[in-house]
Amino acid sequence: MAKQGQSPIQNLDGLVAAATGVGQSAKGLPPVHLWNPPFCGDLDMRIASDGTWFYLGTPIGRPALVRLFSTILKREDGKHFLVTPVEKVGIQVDDAPFLAVEMVKDAGADGPLLRFRTNVDDWVPCDREHRLRFEVAADGGLMPYLHVRAELWAKVTRALYYDLVDIGEERVVDGRAMFGIASGGAYFAMADAEQVRGAL
């Protein structure tokens with residue numbers, strides 16, 4: 001961790017001031033993808049796999065602060081950083097930085113459209129730009145993730161995973177019968193259809 005005083009965002013007050021002071025884009029989020037500031041060291045901040053943010057080992061109990069910090073989050077080369085236009089600090093992320101905690105199904109122009117709410121109250125449509133991917137979990141099951149923005153992902157909660165299974169459908173993909181999710185004009189294959197039928 002960088003020495004105290006080396007960087008104004010190496011403490012919580014400085015980070016709050018920096019995050020509050022950055023400009024907003026038309027989407028309501030700072031244009032962090034346009035910023036490439038120098039690296040100023042690692043900050044003792046961690047996002048646990050359940051979505052809890054910790055600073056100096058203590059949970060950040062104010063949702064407004066977590067929401068604020070999430071707006072200056074950036075991922076580069078598999079690592080996560082909090083960035084401003086002039087500096088960048090590394091943080092630890094145990095799994096994905098966000099959780100998808102709510103899902104609604106709408107009728108879109110290209111068929112069904114799923115929308116997910118994250119634990120920081122962003123609503124994200126599931127489509128070609130915001131795709132679903134499925135990874136094998138430690139228990140052998142599948143864990144879905146939703147692309148939120150700029151290589152930042154939300155882990156879909158177990159309850160919503162079961163909801164996805166309920167609305168899944170079979171399609172032939174590259175000559176194979178697959179089970180997956182249709183949303184926003186795209187299809188996201190989850191698993192081999194025969195395996196899914198055997199598990200149900």
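Colleague: With which residue does R75 form a salt bridge?

Modeller: Please bear in mind that this is a predicted model. A salt bridge requires a side-chain nitrogen of Lys or Arg within 4 Å of a carboxyl oxygen of Asp or Glu. For R75 the closest N and O atoms are 3.8 Å apart, and the partner is E151.

Colleague: How many salt bridges are there between domain 1 and domain 2?

Modeller: The domain assignment gives domain 1 as residues 12-93 and domain 2 as residues 98-198. Four residue pairs are in polar contact between these domains, both residues being at pLDDT 80 or more. The count of salt bridges between domain 1 and domain 2 is two.

Colleague: What area do domain 1 and domain 2 bury between them?

Modeller: The centres of the two domains, taken over C-alpha atoms, are separated by 26 Å. The contact takes 12 residues from domain 1 and 11 residues from domain 2. The size of an interface is often given as the accessible area lost when the parts come together. Here 52% of the buried area is on carbon and sulfur atoms, and the area is about 920 Å².

Colleague: Which elements each supply at least two residues of the side of domain 1 that touches domain 2?

Modeller: Four residue pairs are in polar contact between the domains, both at pLDDT 80 or more. On the side of domain 1 that touches domain 2, the elements supplying at least two residues each are α2 (63-70) and β4 (73-76). The residues of that side divide into three nonpolar, five polar and four charged. The elements asked for are therefore α2 and β4.

Colleague: Is R149 buried or exposed?

Modeller: R149 is placed in strand β11, residues 142-149. Among the residues it touches are L29, S70 and D122, and its side chain reaches the backbone oxygen of S70 at 2.9 Å. A residue is buried when its relative accessible area is under 20%. R149 has 17% relative accessibility, so R149 counts as buried.

Colleague: What distance separates the C-alpha atoms of V22 and I72?

Modeller: V22 lies in the loop between α1 (12-21) and β1 (39-47), and at 9% relative accessibility V22 counts as buried. Leaving aside neighbours within four places in sequence, V22 is in contact with P30, W35, I72, T84 and P85. V22 and I72 are 50 residues apart along the chain, yet the separation of their C-alpha atoms is 8.7 Å.

Colleague: What is the phi of D77?

Modeller: D77 is in the loop between β4 and β5 (79-83), and D77 counts as exposed at 82% relative accessibility. Most residues other than glycine have a negative phi. D77 is not a glycine, although its phi is positive, at about 50°.

Colleague: Where is D174 placed?

Modeller: D174 is a residue other than glycine with a positive phi, near 55°. With a relative accessible area of 79%, D174 is exposed. Its place is in the loop between β13 (169-173) and β14 (176-183).

How values were computed
Residues are numbered from 1 along each chain as its sequence is written. This is a predicted model: local features need pLDDT of at least 70, side-chain atom pairs count only at pLDDT 80 or more; totals for chains, interfaces and linings use all residues. Side-chain values use heavy atoms; hydrogens and water are left out. Domain bounds come from an automatic or database domain assignment. Contact means heavy atoms within 4.5 Å. Buried area is the accessible area (1.4 Å probe) that two parts lose on being put together, summed over both. A polar contact is a pair of N or O atoms within 3.5 Å; within protein, one must be able to donate a hydrogen and the other to accept it, and residues adjacent in sequence count only if both atoms are side-chain atoms. Helices (H or I, at least four residues) and strands (E, at least two) are DSSP runs, numbered from the N terminus. Ala, Val, Leu, Ile, Met, Phe, Trp, Tyr, Cys and Pro count as nonpolar, Asp, Glu, Lys and Arg as charged, and the others, Gly among them, as polar. Buried means under 20% relative accessible area, exposed over 50%, partly exposed in between (1.4 Å probe, protein chains only).
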